[in-house]
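Here are my notes for you, point by point. Keep the structure open next to them and find each spot as you read.

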Amino acid sequence: MPTENKNNLRKLIRQKRKQLDFHQQDLHAWSIARLITRQAAFRNAKRIACYLAEDGEIDPIYIIEKAWQYKKEIFLPVLPPTGKSLFFARYTAQTKLKPNQFGILEPDIHPNHWLRARELSLILLPLVAFDEKGNRLGMGGGYYDRSLAFIKHRKQWHNPKLIGLAHELQKVDSLSRESWDIPLNMITTEEKIYTNN
Ligand SMILES: Nc1ncnc2c1ncn2[C@@H]1O[C@H](COP(=O)(O)OP(=O)(O)O)[C@@H](O)[C@H]1O
Ligand SMILES: [Mg+2]
């Protein structure tokens with residue numbers, strides 16, 4: 001799929017996603033939390049990366065609360081001012097947040113304490129579109145692909161497990177996988193879990 005088509009698809013799905021009202025958003029967030037928190041990938045995970053929802057993305061807040069209850073550690077992506085790769089900073093109910101260069105809120109934590117993706121058990125990713133084969137279309141920055149590139153060079157891939165969170169309306173028939181794209185193990189929507197390996 002040419003980049004131009006992918007950009008059109010991004011625009012189209014982001015528009016549809018933004019039209020969901022608060023009640024539908026909350027219902028989807030709740031259904032997805034219920035599905036995910038029953039999975040072995042969640043139950044066994046000690047360190048879980050989430051994100052703060054924007055633009056009509058699935059809100060992982062119910063998953064975060066459940067994880068805190070179970071004494072699991074939650075992390076949020078942080079972007080170094082010069083880098084193009086994500087690090088992950090611990091997020092607790094007490095963590096102060098501050099906006100990064102793109103205005104996205106991040107934990108206000110010293111870089112000495114940031115982790116790499118490879119140190120996490122599970123990463124919950126936002127996405128714009130997905131297909132049943134685990135292909136993910138993001139916002140177009142390639143940040144997760146770059147941060148997870150090490151997975152391509154591994155013979156065996158245990159951790160981190162990658163689970164995309166999406167509304168069912170974000171599903172498309174098929175997405176072409178580019179050489180740098182990292183596929184997801186699972187995608188969870190308000191209706192079901194799509195599993196790939
Ligand atoms: N591992 C990587 N190394 C270098 N550049 C990368 C890597 N992964 C992604 N990119 C770059 O990021 C850009 C956006 O990636 P894309 O997959 O289209 O975005 P997204 O995954 O956010 O939908 C691509 O043009 C690609 O060149
Ligand atoms: Mg990609």
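1. Start in the sheet: Ile-123 stands opposite Leu-162 in S9. Two strands count as paired if DSSP finds at least two bridges between them. Helices (H or I, at least four residues) and strands (E, at least two) are DSSP runs, numbered from the N terminus.

2. A word on the ground rules. This is a predicted model, where local features need pLDDT of at least 70 and side-chain atom pairs count only at pLDDT 80 or more, while totals for chains, interfaces and linings use all residues. Residues are numbered from 1 along each chain as its sequence is written, chains are lettered from A and ligands numbered from 1 in the order written, and side-chain values use heavy atoms, with hydrogens and water left out.

3. Now go to the other neighbour of S9: S10 pairs with S9 in the parallel sense too, over three bridges. Here Ile-163 has Met-186 in S10 as its bridge partner. Four of the five residues of S9 are buried, so the strand is largely enclosed by the rest of the structure. Buried means under 20% relative accessible area, exposed over 50%, and partly exposed in between (1.4 Å probe, protein chains only).

4. Which residues hold the magnesium ion (ligand 2)? Asp-145 (OD) and Asp-181 (OD) coordinate the ion, at 2.1 Å. Asp-145 sits in helix H5 (residues 143–147) and Asp-181 in the loop between S9 (161–165) and S10 (186–188), so the pair ties together parts 36 residues apart in sequence. Both Asp-145 and Asp-181 are buried. Donors are N, O and S atoms within 2.8 Å of the metal (3.2 Å for Na, K and Ca); water is not among the atoms, so sites may look incomplete.

5. An oxygen atom of ligand 1 lies 2.9 Å from a side-chain N or O atom of Asp-145, and for Asp-181 the distance is 3.0 Å. With Trp-180, a polar side-chain atom is 2.8 Å from a ligand 1 oxygen. The protein covers 66% of the 560 Å² of accessible area that ligand 1 has on its own (Shrake-Rupley method, 1.4 Å probe).

Key:
A polar contact is a pair of N or O atoms within 3.5 Å; within protein, one must be able to donate a hydrogen and the other to accept it, and residues adjacent in sequence count only if both atoms are side-chain atoms.
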